[in-house]
Amino acid sequence: MMAMSLDGYVARKNHSLDWLNKQPTQNEDHGFFDFMDSVDALVMGSGSLKTVLGFCEWPYVKPVVVLSRSMTKQELPEHLRDKVEFSRASPQELWEVFSEAGYKRIYVDGGAVIRSFLNAGLVQDMKITMVPILLGGGIRIFGETACDVDLELVSAAPFPSGMVDLVYKLKAS
Ligand SMILES: NC(=O)c1ccc[n+]([C@@H]2O[C@H](COP(=O)([O-])OP(=O)(O)OC[C@H]3O[C@@H](n4cnc5c(N)ncnc54)[C@H](OP(=O)(O)O)[C@@H]3O)[C@@H](O)[C@H]2O)c1
């Protein structure tokens, strides 16, 4: 689940989400809590963790695994050390660990990390909120792929703010 500018960016180059926060979304339900209810855990990269650490509150109630080769628990505020695990595993290795733990559905968040899971063939569906803005540059979620990734549109829901929620399933290749 992510919000993306019409030209395909999820954050500015400096990781700012100001363009997202200024959208007039009062009273709009883009399904964050329902989506969170539907997953067993979250995986994100250290880039996304650094952004979330700047939020006023920790927004997750599910277990969070952060993929990082550079960060350690010591860099986390003490109240988050039992809420976040760090891992250097590959997407495939991590999925095996989750499967053994009985987890069935994982929320993969970030930019580079989403690309890693896509390239490993481990993404089943995507929820993208298209934001009516052109940023002209920034951090992308999508990049080069080894082959085409065919998608099936499951739903499309426009909102008064101009945002459009799109749900896609990945077609079996
Ligand atoms: N608009 C939205 O809805 C939305 C949603 C999510 C995130 N965001 C923002 O988008 C930006 C994404 O930036 P990003 O692409 O740098 O973030 P990211 O995917 O969250 O983090 C990437 C970092 O994770 C680490 N990593 C470890 N193992 C990895 C693996 N297998 N594959 C990929 N990365 C791995 C690497 O850093 P080290 O190993 O050096 O630690 C890498 O630089 C952030 O600013 C985030 O806040 C926006």
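Guide: Gladly, and let us begin with the rings: the structure holds four aromatic pairs. Among them, Phe-32 and Phe-33 form an edge-to-face pair, with 5.3 Å centre to centre and 80° between the planes.

Visitor: What makes Phe-32 and Phe-33 an aromatic pair, and why is the pair called edge-to-face?

Guide: Rings of Phe, Tyr and Trp (its six-membered ring) pair if their centres lie within 6.5 Å, and planes under 30 degrees apart count as stacked, over 60 as edge-to-face and the rest as tilted. The centres of Phe-32 and Phe-33 are 5.3 Å apart, so the rings pair, and the 80° between their planes makes the pair edge-to-face.

Visitor: Why do Phe-32 and Phe-33 get the exposure labels they have?

Guide: Buried means under 20% relative accessible area, exposed over 50%, and partly exposed in between (1.4 Å probe, protein chains only). Phe-32 has 26%, so it is partly exposed. Phe-33 has 64%, so it counts as exposed.

Guide: Another edge-to-face pair is that of Phe-35 and Tyr-107, with 4.9 Å centre to centre and 85° between the planes.

Visitor: How do you know that this pair links distant parts of the chain?

Guide: Phe-35 sits in helix H2 (residues 32-37) and Tyr-107 in strand S6 (residues 106-109), 72 residues apart. Helices (H or I, at least four residues) and strands (E, at least two) are DSSP runs, numbered from the N terminus. Both Phe-35 and Tyr-107 are buried.

Visitor: Before we go on, what kind of model is this, and what is left out?

Guide: This is a predicted model, with residues numbered from 1 along each chain as its sequence is written. Local features need pLDDT of at least 70 and side-chain atom pairs count only at pLDDT 80 or more, while totals for chains, interfaces and linings use all residues; side-chain values use heavy atoms, with hydrogens and water left out.

Visitor: How many helices and strands does the chain have, and what makes it as compact as a globular protein of its length?

Guide: The chain has five helices and ten strands. Its radius of gyration is 16 Å, close to the 16 Å that the globule rule gives for 173 residues, so the chain is as compact as a globular protein of that length. That radius is taken over C-alpha atoms, and the rule is 2.2 Å times the number of residues to the power 0.38. Along its principal axes, the C-alpha trace spans about 40 × 40 × 30 Å, and 39% of the 173 residues count as buried.

Visitor: Let us turn to the start of the chain. Why is Met-1 called buried?

Guide: Met-1 lies in the segment before strand S1 (2-5). Its relative accessible area is 14%, under the 20% limit, so Met-1 is buried. Leaving out residues up to four places away in sequence, Met-1 touches residues including Phe-32, Phe-35 and Tyr-107, where contact means heavy atoms within 4.5 Å. The C-alpha atoms of Met-1 and Ser-173, 172 residues apart along the chain, are separated by 22 Å.

Visitor: Why does Ser-46 count as buried?

Guide: Ser-46, found in helix H3 (residues 46-52), has a relative accessible area of 17%, so it is buried. Beyond four places in sequence, Ser-46 touches Val-66, Leu-67, Ser-68 and Met-71.

Visitor: And what makes Leu-134 exposed?

Guide: Its relative accessible area is 63%, over the 50% limit, so Leu-134 is exposed. Leu-134 is in the loop between strand S7 (125-131) and strand S8 (139-140). Leaving aside neighbours within four places in sequence, Leu-134 is in contact with Leu-6 and Asp-7.

Visitor: Which labels do His-15 and Asn-27 get, and why?

Guide: His-15, in the loop between strand S2 (9-11) and helix H1 (18-21), has 38% relative accessibility, so it counts as partly exposed. Asn-27, in the loop between H1 and H2, has 83%, so it counts as exposed. Neither is a glycine, yet His-15 has a positive phi of about 75° and Asn-27 has a positive phi of about 65°.
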